[in-house]
Every structure is written in structure tokens, then in C-alpha cells.
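Hi everyone, thanks for coming. Let's walk through this one together, and do look at the picture as I talk.

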Amino acid sequence: MKAHATALKFSLMLGSKAVTGIVPFLGAVAGGAINAHFVNKFADAAETYYRAKLAYPGGPAGDVRVPV
């Protein structure tokens, strides 16, 4: 019975080290995925903006100039 308790204690210790070791890794992966999502959305928005700017050189409102 003592060997069983020792094996159980060892496996619990090893399992807890594996879980606590992978948590920071998963956090970094999740953070990277969120950053990649935002970068992708900003790139899409910039592409849409510049495509529209090339299609309409004066902008959607025409060639509006601000007096200086």
C-alpha cells in the first residue's frame, strides 16, 4: 500500500508540474492569436481604405480643400 501511495504522490506532483508548465505557454499562444487577429483586422481596414482612396482620388465627398 505504501508503494501505491508513493506512486500516487509522485504522479500528482509530476502532473501538477506539467499543468503549471503549460499554462504560461497556452497564455502566450492565446495572446499571440489575439494580436494576430487584431493585426489582420487593421490590415483589412487599411486595405479597404486605400483601395477606396485610389478608386476616388478626391475622396467620397469629392475634392474638398480646407482653407488655410
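How many salt bridges does a search of the whole structure find? The search finds one, and please keep in mind that this is a predicted model. The partners are Arg-51 and Glu-47, whose side chains meet at 2.9 Å, N to O. As a general point, side chains of opposite charge can pair when their charged atoms come close. Both residues sit in helix 1, and because they are four residues apart there, about one helical turn separates Arg-51 from Glu-47.

Next, the aromatic rings. The count here is one aromatic pair. That pair is Tyr-49 with Tyr-50: the ring centres are 4.9 Å apart and the planes stand at 80°, so we call the pair edge-to-face.

Finally, let's turn to the surface. Look for Ile-22, Val-23, Phe-25, Leu-26 and Val-29: they form a nonpolar patch there, and together they have about 470 Å² of accessible area. One of them, Phe-25, lies in helix 1, which covers residues 2-55. Why does Phe-25 count as exposed? Its relative accessibility is 54%, and the cut-off for exposed is over 50%.

That's my tour, and I'm happy to take questions.

Terms used:
Residues are numbered from 1 along each chain as its sequence is written. This is a predicted model: local features need pLDDT of at least 70, side-chain atom pairs count only at pLDDT 80 or more; totals for chains, interfaces and linings use all residues. Side-chain values use heavy atoms; hydrogens and water are left out. Patches are made of residues with over 30% relative accessible area and no salt bridge: like charges are joined within 9 Å, nonpolar side chains (Val, Leu, Ile, Met, Phe, Trp, Tyr) within 5 Å. Accessible areas come from the Shrake-Rupley method with a 1.4 Å probe; for residues, only the protein chains shown count as cover. A salt bridge is a side-chain nitrogen of Lys or Arg within 4 Å of a carboxyl oxygen of Asp or Glu. Helices (H or I, at least four residues) and strands (E, at least two) are DSSP runs, numbered from the N terminus. Buried means under 20% relative accessible area, exposed over 50%, partly exposed in between (1.4 Å probe, protein chains only). Rings of Phe, Tyr and Trp (its six-membered ring) pair if their centres lie within 6.5 Å; planes under 30 degrees apart count as stacked, over 60 as edge-to-face and the rest as tilted.
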